[in-house]
Amino acid sequence: MKIVSIVGTRPQLIKCALLSHELRKEHEEILVHTGQHYDHTMSEIFFEELLIPRPDYSLNIGSGPHGWQTGEMLAKLESVLQLEKPELVLTYGDTNSTLAGALAAAKLQLRVAHVEAGLRSFDRTMPEEINRVITDHISSLCFCPTVTAVMNLSREGIITGVHYVGDVMYDVLLQNMKISNNKSRICQMMGLKRKDYLVITIHRPSNTDNFDRLASIIDALSMVAKLVIFPLHPRTKKFLDVYGLLDRIPRNVKLIEPLGYLDMLQLMKGAEKILTDSGGIQKEAYMMSVPCITLRDNTEWVETVEEGWNVLVGADKDRIIEEIGAPFPTKKTGNLFGNGDARLKIAKIIGELN
Ligand code: UD1
């Protein structure tokens, strides 16, 4: 079968890494990179570390307002799809690249498969929520990472073509942890002591593009007597600068460049706790049994909260400080994200399509 897979951002590169190789055992896969992320640390390093096949098409769209960015992708992806005439179009996650890929394909009446389908934060102010809802509704195949995701789809009337497969990010984490243990020197290089530091990542527009929220998070960090490692997403770096907040970063907070996957795994694994507004990192924290403090008012990964490994604190300074000091579970009861074989299940289902 001829499959076009569409990626564009850092998390999508991680999600496609193993499935891409799995699909290529039986099928012809054409990989399209929209170029939504383009910096070396946001894109190329993931191809190198995770041995992702080179894209057959690089659309070089880059950054811009949502309508413009999605529109540019839509037009260029339509041309690629018309040329390639695939039997299946594979999209990942919830970014503008996901939406554009699904929409371009569905309009050409091509079959769309969505990996990481059914996630809902029930917050339509998030661009990702809009991308997810639309993508799921125009997909013929929805590959769900959790049981909650299957139930969310069912509530919206999507019941055919829905498969609970587990999370492809768990496959990738399991496969790369050993490599990361052997190769990454990040903790030694930074002189980090195991479980003696915090990691924070921020990139959601609701936090970065809002002075009060960003300042509140930074101020909370200044109130804790702990070393905090802060890999900076380009958007966050831009807004810290725009808002004049760089001077307010306390001494205990160490700003660093965005990390590759292997270094990020080590950094997260060794952390006492992780603070984040990322979806992927909430899961990865759970997978590595590291407590997570989520800097949002809601989450798609509700199971991690129900199990006590994740707490939602928004950008509330006092809540952040409180949770940094609070006890978290020490043992997990099961695994919420499958068995690490999601890619095999997805490839099998795709292989049985006619
Ligand atoms: C996007 C996704 C988000 C995902 C995140 C992972 C959407 C709506 N959002 O958000 O769901 O969690 O990726 O990181 O699709 N920039 C650079 N270099 C890059 C990429 C971005 O400098 O390589 C800067 C640009 O100034 C840009 C800003 O970061 O304006 C935001 O980039 P964009 O891709 O629009 O969204 P993200 O915030 O990364």
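Author: Helices, of at least four residues, and strands, of at least two, are DSSP runs numbered from the N terminus. The model under discussion is predicted.

Reader: How many helices and strands are there in the protein chain?

Author: The count follows the DSSP runs just described. On that basis, the protein chain holds 16 helices and 13 strands.

Reader: What is the radius of gyration of the protein chain, and why does it agree with that of a compact globule?

Author: Along its principal axes, the C-alpha trace spans about 60 × 45 × 40 Å. For 354 residues, a compact globule would have a radius of gyration near 20 Å; the value for the protein chain agrees with this because it is 20 Å.

Reader: Which percentage of the residues in the protein chain is buried?

Author: A residue is buried when its relative accessible area is under 20%. The accessible surface of the protein chain comes to about 14600 Å², with 52% of it belonging to carbon and sulfur atoms. Of the 354 residues, the buried share is 60%.

Reader: How many Å apart do the centres of the positive and negative side chains lie?

Author: The protein chain carries 40 positive and 44 negative side chains. The centres of these two sets are separated by 4 Å.

Reader: What is the order of the strands in the open sheet, and which are the edge strands?

Author: The sheet has seven strands with parallel pairing, in the order β3-β2-β1-β4-β5-β6-β7. An edge strand pairs on one side only, and this applies to β3 (57-58) and β7 (162-164).

Reader: Which residue is the bridge partner of L90 in β5?

Author: Strand β5 covers residues 112-115 and pairs with β6, residues 141-144, in the parallel sense over three bridges; there, H114 stands opposite C142. Strand β4, residues 88-92, also runs parallel to β5 and is joined to it by four bridges. In that pairing, the partner of L90 is A113.

Reader: Is N60 buried or exposed?

Author: N60 is found in the loop between β3 and α3 (66-84). Its phi is near 50°, a positive value in a residue other than glycine. The cut-off for exposure is over 50% relative accessible area; N60 has 62% relative accessibility and therefore counts as exposed.

Reader: What is the relative accessible area of K195?

Author: K195 lies in the loop between α8 (186-189) and β8 (197-201). Although K195 is not a glycine, its phi is positive, at about 60°. K195 is partly exposed, with a relative accessible area of 33%.

Reader: Is R296 buried or exposed, and what is its relative accessible area?

Author: R296 belongs to the loop between β12 (292-294) and α14 (302-306). Not counting residues up to four places away in sequence, R296 touches several residues, including R204, R213 and D277. Buried residues have under 20% relative accessible area; R296 is therefore buried, at 4%.

Reader: How many Å apart in space are R296 and A113?

Author: In sequence, the two are separated by 183 residues. From C-alpha to C-alpha, R296 and A113 are apart by 28 Å.

Conventions: Residues numbered from 1 in each chain as written. Predicted model: local features only at pLDDT ≥ 70, side-chain atom pairs only at ≥ 80, totals over all residues. Heavy atoms only, no water. Rg over C-alpha atoms; globule rule 2.2 N^0.38 Å. Buried < 20%, exposed > 50% of the residue type's maximum accessible area, 1.4 Å probe, protein only. Areas by Shrake-Rupley, 256 points an atom, 1.4 Å probe, with all protein chains shown as cover. Lys, Arg positive; Asp, Glu negative; His and termini not counted. Charge placed at Lys NZ, Arg CZ, Asp CG, Glu CD. Pairing = 2+ DSSP bridges. Contact = heavy atoms within 4.5 Å.
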